[in-house]
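I opened this notebook to record what I looked up in one structure.

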Amino acid sequence: MVEIECLACGKTVELPQFIDTDNYDGQVVCQECKSLLHVKLLKGKVHKYKIVENKFKDFNFTKLVMDLAEKQKQQEKEEQ
Ligand SMILES: [Zn+2]
């Protein structure tokens, strides 16, 4: 059983049944954060994997920006 850790959220990505772990070169989606990963499997081992679309980061980034904006607003209020 090949286990891949999601590059975005760090959770284990469950590989779909149809994937042949002896020879697979394609994309998988993380069930946790829905990020798209590209994996290359050879003889049950991960040879290459990279992130194609990071949904987790997008989500966090938006929150981060909103948090910063909120902090700035509060700071401006305090300065007045
Ligand atoms: Zn993930």
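Entry 1. I began with a definition: two strands count as paired if DSSP finds at least two bridges between them. In that sense I looked up the pair at Val28, and Val28 stands opposite Leu37 in E4. I note here that the model is predicted.

Entry 2. I listed the elements of the chain. I found one helix and five strands, and from the N terminus on they run β-β-β-β-β-α.

Entry 3. I turned to the overall dimensions. The radius of gyration of the chain is 19 Å, whereas a compact globule of 80 residues would have one near 12 Å. Along the principal axes, the C-alpha atoms fill a box of roughly 65 × 15 × 15 Å. I also noted that 14% of the 80 residues are buried. Of the contacts with a separation of 6 or more, 30% join residues 24 or more positions apart.

Entry 4. Which strands make up the open sheet, and in what order? I read the order as E3-E4-E5, three strands with antiparallel pairing. E3 and E5 are the edge strands, as each pairs on one side only. From one strand to the next, the twist averages 15 degrees. For background, I recorded that strands of a sheet pair through backbone hydrogen bonds, either parallel or antiparallel.

Entry 5. I examined the pairing of E3 with E4. Strand E3 covers residues 23-29 and is joined to E4 by seven bridges, the two running antiparallel. Besides the pair of Val28 and Leu37, I found Asp25 opposite Lys40 in E4. The hairpin of E3 and E4 has six residues between the strands, and Lys34 there takes a positive phi near 65 degrees.

Entry 6. I then followed E4 to its other partner. Strand E5, residues 45-53, pairs with E4 in the antiparallel sense over seven bridges. Lys40 stands opposite Lys48 in E5, and the bridge partner of Val39 in E5 is Tyr49. Two residues lie between E4 and E5 in their hairpin, where Lys43 in the turn has a positive phi of about 50 degrees.

Entry 7. Which residues of E4 lie on its covered face, and which on its uncovered one? Strand E4 spans residues 36-42; Leu37, Val39 and Leu41 form the covered face, while Leu36, His38, Lys40 and Leu42 form the uncovered face.

Entry 8. I looked up the largest nonpolar core. The core has nine residues: Cys6, Ala8, Val13, Val28, Cys30, Leu37, Val39, Leu41 and Phe56. E4 gives the most to this core, with three residues. As a general point, nonpolar side chains tend to be buried together in soluble globular proteins.

Entry 9. Which residues does Val39 touch, leaving aside those up to four places away in sequence? I recorded Ile4, Tyr24, Val28, Val46 and Tyr49. Of these, Tyr49 is also the bridge partner of Val39 in E5.

Conventions:
Residues are numbered from 1 along each chain as its sequence is written. This is a predicted model: local features need pLDDT of at least 70, side-chain atom pairs count only at pLDDT 80 or more; totals for chains, interfaces and linings use all residues. A residue is buried if 20 or more other C-beta atoms lie within 10 Å of its own, exposed if 12 or fewer, and partly exposed in between; C-beta atoms are placed from the backbone. Helices (H or I, at least four residues) and strands (E, at least two) are DSSP runs, numbered from the N terminus. A nonpolar core is a set of buried Ala, Val, Leu, Ile, Met, Phe, Trp, Tyr and Cys residues joined through C-beta atoms within 7 Å. Two residues are in contact if their C-beta atoms, placed from the backbone, lie within 7 Å. The radius of gyration is taken over C-alpha atoms; the globule rule is 2.2 Å times the number of residues to the power 0.38. Axes are lines fitted to C-alpha atoms, for helices over the stretch in contact, and angles run from 0 to 180 degrees between N-to-C directions.
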